[in-house]
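Visitor: Could you walk me through this structure? I would like to take it slowly.

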Amino acid sequence: MTRIDRRALFTSGAAAALLAATGASLADTPKSGGVLRIAVPRDDSLDRLARGAVFDTLTEIAPDGTLRGELATAWQTDSEARVWTFDLRADAVFHDGAALTAGDVLAVLSEVGRAEALAPDRIRIELAVANPGLPFLLADTRFVITRDGQSVSPLQQANGTGCYRVERAEDGRHFRGRRVAGHYKDGHAGWLEAVDIIVIPDPAVRAEALRDRYVDVSVLPAAQGLRGLGGVRFFPNESEMSLAISGTVGLPRRIGRGAPLDDGRIAERWWMA
């Protein structure tokens, strides 16, 4: 039997056959590049997706429900779960070029409890009432970290540490985020070169935009005309159809259900297949 070079195999059509035989798929493997276009209704979808692209929180809940660090690398608490310390990333940078500091985190978390900096990369939070679930709470988008506690709006001025910086935006209308070069999540999230989010109030028009390939994802589209359409997938299923998704979009094996729109993290987690 002729010896097959592995590099040649995985740069040829033979890779697809091998992956199919092992139960994997080329579409399951993220790849970088491309622009994802998303049509959303006139609700909080634009804001939710833009926040997930532009900002980070201290912690993140993965699609499988696992808690993991984002801007925090580690955390500890006392036996009563009332006093907490969080260690911060040293490589997180805001889109204006400023490095993340403990002060940026304190400005956001002051509403949670009495917070203070123990070091440039370490904070302490003392709660009035014990809360063993504090790290889960801090994954909520209410606690996105901004520069010096700046407001998250207007959207065109948003300045976060997320994978995408604002290229252009108008609240309630549209958003374009451009991938941040050299981001700390490189190789783990943020596969797209850019993401476009467009508000289209009419669900029938959102469905038409997907059908005619003007967008790649339609949120809450009119089902008529999409059911049975080839090359389109539906989440969670064809009957409910919260999302209609072009076959050109790569999806992670798990999609977060804790909040709508893959927990608002579509821009980070999805890619162009």
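Visitor: How many salt bridges does a search of the whole structure find?

Guide: The search finds 28 salt bridges, a salt bridge being a side-chain nitrogen of Lys or Arg within 4 Å of a carboxyl oxygen of Asp or Glu. This is a predicted model, in which local features need pLDDT of at least 70 and side-chain atom pairs count only at pLDDT 80 or more, while totals for chains, interfaces and linings use all residues. Residues are numbered from 1 along each chain as its sequence is written, and side-chain values use heavy atoms, leaving out hydrogens and water.

Visitor: Which residue forms a salt bridge with Glu 60?

Guide: Arg 269 does, with the closest N and O atoms 3.0 Å apart. The pair links distant parts of the chain, since Glu 60 is in strand E2 (residues 59-61) and Arg 269 in helix H8 (residues 266-269), 209 residues apart; helices (H or I, at least four residues) and strands (E, at least two) are DSSP runs, numbered from the N terminus.

Visitor: Is Glu 60 buried or exposed?

Guide: Glu 60 counts as buried, at 6% relative accessibility, where buried means under 20% relative accessible area, exposed over 50%, and partly exposed in between (1.4 Å probe, protein chains only). Arg 269 is buried as well, at 10%.

Visitor: Switching topic, which residues of helix H6 are buried?

Guide: In H6 (residues 203-211), they are Arg 206, Ala 207, Ala 209 and Leu 210. They lie on the same side of H6, because they cover an arc of only 160 degrees around the axis, taken from the directions from the helix axis to the C-beta atoms.

Visitor: And what follows H6?

Guide: Arg 213 follows H6, and its phi is positive, near 70 degrees.
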